[in-house]
Amino acid sequence: MTRLSAESRHAIRFTLNGRPVEAEAEPRTLLSDFLRQQIGATGTHVGCEHGVCGACTIVVDGMLARSCLTLAAQVEGCDVRTIEGLAPSPDRLGILQQAFRRNHALQCGFCTAGILMSLDHYLLDHRAPSESDIRDLLSGHLCRCTGYTSIVKAALEAAAELAETSKEKTDA
Ligand code: FES
Ligand code: FES
């Protein structure tokens with residue numbers, strides 16, 4: 001295997017879950033590997049490494065991205081969100097995460113980070129999704145354990161709760 005020289009690495013500056021990060025990566029380093037191995041953000045999982053399973057899904061500049069199909073260098077100057085930034089505080093889960101917990105919407109958890117990132121992003125703009133909307137979204141994620149029923153139920157519950165919360169804010 002050819003080793004790349006130190007000169008071939010370059011600095012990448014970006015924001016990760018609201019915090020500025022600067023690190024080095026080789027030109028071909030995948031974002032998923034970069035996040036996990038160099039930044040230590042291991043909540044982003046890697047399954048297929050071919051853009052199929054959805055386990056590595058994150059948000060880059062407000063858009064969902066498969067981090068296994070993205071180069072680390074591509075996030076230079078970007079705002080990156082991963083599962084580590086989903087909870088509102090270290091000791092409190094977000095509404096969607098709480099719904100997953102209540103509904104036992106995960107078993108091994110391998111797919112869960114990617115699914116949560118996709119659903120969280122979707123629910124920002126879709127407060128009254130149908131079951132079929134949620135199933136459409138989940139078609140980009142493979143889960144080997146749950147059978148999806150509890151995931152769909154959790155997503156619908158979270159959507160209803162988020163809608164209620166934003167209504168209360170508007171009425172206040
Ligand atoms: S690991 Fe990226 S989509 Fe499967
Ligand atoms: S909970 Fe195991 S793969 Fe989804």
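Helices, of at least four residues, and strands, of at least two, are here DSSP runs numbered from the N terminus. In this predicted model, the elements of the chain follow the order β-β-α-β-β-β-α-α-α-α from the N terminus on, and so the chain holds five helices and five strands. The radius of gyration is 17 Å, close to the 16 Å that the globule rule gives for 172 residues, so the chain is as compact as a globular protein of that length. Its C-alpha trace spans about 55 × 40 × 25 Å along the principal axes, and buried residues make up 36% of the 172 residues. Among contacts with a separation of 6 or more, 60% come from residues 24 or more positions apart.

An α-helix has 3.6 residues a turn, so residues three or four places apart point the same way.

Just after H2, the backbone at His104 takes a positive phi of about 50°, and Cys108 has its place in the loop between H2 and H3. Cys108 is exposed, because the count of other C-beta atoms within 10 Å is 10, and a residue is called exposed at 12 or fewer. The C-alpha atoms of Cys108 and Cys145 are separated by 7.1 Å, although these residues are 37 residues apart along the chain.

Methods: Residues are numbered from 1 along each chain as its sequence is written. Chains are lettered from A and ligands numbered from 1 in the order in which they are written. This is a predicted model: local features need pLDDT of at least 70, side-chain atom pairs count only at pLDDT 80 or more; totals for chains, interfaces and linings use all residues. A residue is buried if 20 or more other C-beta atoms lie within 10 Å of its own, exposed if 12 or fewer, and partly exposed in between; C-beta atoms are placed from the backbone. The radius of gyration is taken over C-alpha atoms; the globule rule is 2.2 Å times the number of residues to the power 0.38. Two residues are in contact if their C-beta atoms, placed from the backbone, lie within 7 Å.
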